[in-house]
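Open the model in your viewer and keep the sequence panel beside it.

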Amino acid sequence: MDSVRALEVMGLLQEKIAFLTGGRDKRGAPVVTFPSTPRRERAKLEDYRRLLQYFGSIPPCEAKESGLVAVIDMRGGSGWSSVKPILKALQDWCAGGNGNHVYAVYVVKPDNFWHKQRTSMASHKYKFETTMVNLEGLSKFIDSTQLTSDLDGSLHYDHAQWIDIRLSIEEFMWQAADLLDRLDDLQEDLSRNDCRDDIAGAKLALDFHTDMKKKVLKTPVEDMDLAGQQLLQRLSGDNNSGYDSGYSGRDSEASNGISNPDLQASVPQILQQLDTIRTSHKHVLQLWQHKKLKLDQCFQLRLFEQDCEKMFDWICHNRDVFLMSYVEIGHSYQLAKDIQEEHNHFTMSSMNVYVNINRIVAVAHRMIESGHYASNHIRTVAQRLDRTWKQFAAGLDERTSVLALSVLFHHKAQQYVENVPNWDEAIENVTIPNEIMVLENSIHQHQNLYELMCQAYTEVYNGYQSLLNGLDTLVQVCESFPTPPSNVPLIHYGNSPQKNVHSTSKKLLYQLDHLVQVCNQSDLTPVAEQHHKHLDSGSDSSANTTKTVGTNHQQAAADYSEGASHVLAVIHQILNHHRSLEHRWHSKKIRLHQKLALRLFQEDVKQVLDWLSNHGEVFLRKNTGIGRTLQKARVYQKSHEHFENVAQLSFAHLQYSS
């Protein structure tokens with residue numbers, strides 16, 4: 001806005017000591033008229049300065065470049081003393097800068113010659129040309145159509161209407177500027193980043209933003225547009241506007257609207273203000289909508305983060321609880337079953353969390369697909385949540401498998417131990433008959449009993465091997481649980497004991513693997529005996545290792561050591577039973593085989609004796625001759641050699657049997 005408004009100089013304007021008619025000289029410079037009026041005697045220098053400051057701001061820039069032209073009417077008895085403040089004010093206005101300058105001052109000659117002479121003498125001290133003219137000479141510089149009737153011109157000018165129109169224009173421009181300032185303030189408010197870090201703050205920001213729209217809608221844009229259109233209609237001389245054009249209806253120019261170029265220069269300014277207001281208002285609405293979308297996304301983000309936070313807390317809390325007991329495998333079949341049922345119940349209850357995590361991940365995907373401003377952050381958090389859950393679920397699955405293997409191992413071990421008395425009794429109850437067929441049948445049954453014992457032992461061993469591999473995998477899976485990073489938000493990690501467990505667990509697993517492989521040697525050879533001695537020493541070593549675990553590590557490691565020691569004790573127990581049964585079975589086997597060998601030897605001796613009795617002595621008694629001829633002697637000799645060969649074979653078979 002201009003620095004001076006019509007309201008500020010209203011008293012001076014109404015005095016009509018000067019006015020801006022809109023007239024132009026022949027160069028196009030605006031003309032300011034200082035009429036001859038008795039009020040001039042009361043006017044002060046400061047009054048003229050304020051009027052010139054106001055008038056100088058009205059003409060368009062292209063007209064002001066030609067300089068200002070002043071017409072001072074000294075007719076009617078005005079003295080030089082009343083003109084001097086005007087010239088001084090013009091001089092000061094030029095010296096004020098801002099491109100202000102006066103091209104010429106035309107002083108209409110007074111009727112008194114003395115006054116004319118004094119004016120001519122005083123004009124040389126001003127920076128602008130001061131010319132004394134009469135009304136006829138004034139037309140040489142300013143066309144009569146640009147002069148008002150009091151200077152014998154035809155330009156119609158209504159000062160009251162001019163003031164009224166100027167007041168309307170300035171009021172509109174002032175209100176428009178104020179409205180634009182308000183819209184700028186709204187734009188600045190809407191441009192601020194109001195995304196909060198919590199749900200309550202995000203909700204509060206949304207509520208505040210909703211109230212902001214009420215302020216936007218309450219801005220009088222439509223009223224200002226209507227006022228501007230009415231002002232434009234008034235300046236165009238539209239009779240439907242209800243306003244007079246500022247000129248008499250008798251004037252031909254007035255019938256076509258206001259032709260005052262100074263007033264018409266306001267039309268582009270008014271149009272520009274209206275366009276700026278519409279554009280600013282539209283931009284404010286767009287900013288509001290854009291910020292509304294962002295605040296909605298911020299609220300969704302905080303809800304998403306809160307849900308993720310709850311899931312992370314649940315996973316991390318239950319993961320820590322899980323890690324404190326995940327190595328427990330039970331000390332008996334029933335205890336292993338109880339632990340398995342408890343773990344299965346916990347796993348089933350975790351499925352609700354799995355459903356919630358899937359829902360959260362699905363929400364994250366929808367937010368990313370909708371173009372959320374924090375898509376990268378959402379993707380990172382969702383992937384971390386999914387990865388954390390999968391790692392925890394993998395630990396649950398592995399422990400499910402391990403507990404199933406533990407139940408199977410303890411069940412097979414319990415069955416083996418329960419069958420030991422039966423097997424021992426079966427070995428003791430094996431009789432040693434005399435009949436060869438019955439002996440062979442007893443040996444076959446005795447061998448079947450041994451195979452049954454070995455099969456039961458192999459099942460226990462295989463169950464242990466599976467349990468061993470499962471424990472190894474479980475430890476590796478639990479070791480892969482993420483460590484708490486210091487710079488990642490939304491994840492609160494607890495103390496994880498699996499790091500303390502893993503190194504010792506590995507040692508125990510390798511120790512047990514070696515010992516069980518040694519225990520699997522079933523034949524009582526000297527080498528096997530050495531292995532058994534090594535197993536006994538390995539038990540002490542494992543006990544020392546277990547003692548070390550309990551000393552150096554926390555509760556989880558102690559639990560694992562206890563379970564491992566128990567498994568090793570079961571293996572030792574079964575091994576002792578197996579060695580005892582194998583020893584007794586082997587003793588019984590030797591007796592059965594010796595008895596069978598004896599009975600077979602006796603049978604062979606009997607067959608030899610029977611042959612000697614039934615064939616040998618008969619042959620010798622029957623064949624006593626030596627032959628009377630060579631041919632007959634050779635026949636006897638050959639028959640006797642055949643007899644000797646048969647006897648030697650029978651004796652050799654008997655020796656082999658013995």
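A salt bridge here is a side-chain nitrogen of Lys or Arg within 4 Å of a carboxyl oxygen of Asp or Glu. This is a predicted model, in which local features need pLDDT of at least 70 and side-chain atom pairs count only at pLDDT 80 or more, while totals for chains, interfaces and linings use all residues. Residues are numbered from 1 along each chain as its sequence is written, and side-chain values use heavy atoms, with hydrogens and water left out.

**Salt bridges**

The structure holds 22 salt bridges. Select Arg166 and Glu170 to begin: their closest N and O atoms are 3.1 Å apart. Both residues lie in helix H7, four residues apart, about one turn of the helix; helices (H or I, at least four residues) are DSSP runs numbered from the N terminus. Is Arg166 buried or exposed? Arg166 counts as buried because its relative accessibility is 5%, where buried means under 20% relative accessible area, exposed over 50% and partly exposed in between (1.4 Å probe, protein chains only). Glu170 is also buried, at 5%.

Next select Asp189 and Arg192, a salt bridge with its closest N and O atoms 2.8 Å apart. Asp189 is partly exposed at 22%, and Arg192 is partly exposed at 43%.

Move to helix H8 and select Lys203 and Asp207, which lie four residues apart there. They form a salt bridge with a closest N to O distance of 3.1 Å. Asp207 is partly exposed at 36%, as is Lys203 at 39%. Then select Glu46, Arg49, Lys88 and Asp92, which salt bridges with shared partners join into one network.

**Helix pairs**

Show H7 (residues 159–191) with H8 (residues 199–218): their axes come within 11 Å and cross at roughly 165 degrees. Axes are lines fitted to C-alpha atoms, for helices over the stretch in contact, and angles run from 0 to 180 degrees between N-to-C directions. H7 is therefore roughly antiparallel to H8, a term for angles over 145 degrees.

Now show H9 (residues 221–236) and H12 (residues 266–325), whose axes come within 10 Å and cross at roughly 165 degrees. H9 and H12 are therefore roughly antiparallel to each other.

**Surface patch**

Finish in helix H13 (residues 333–369), where Tyr354 sits. Tyr354 is partly exposed at 36%.

Technical notes:
Helix = DSSP H or I, 4+ residues; strand = E, 2+ residues; numbered from the N terminus. Parallel < 35°, antiparallel > 145°, perpendicular 65-115°, else oblique.
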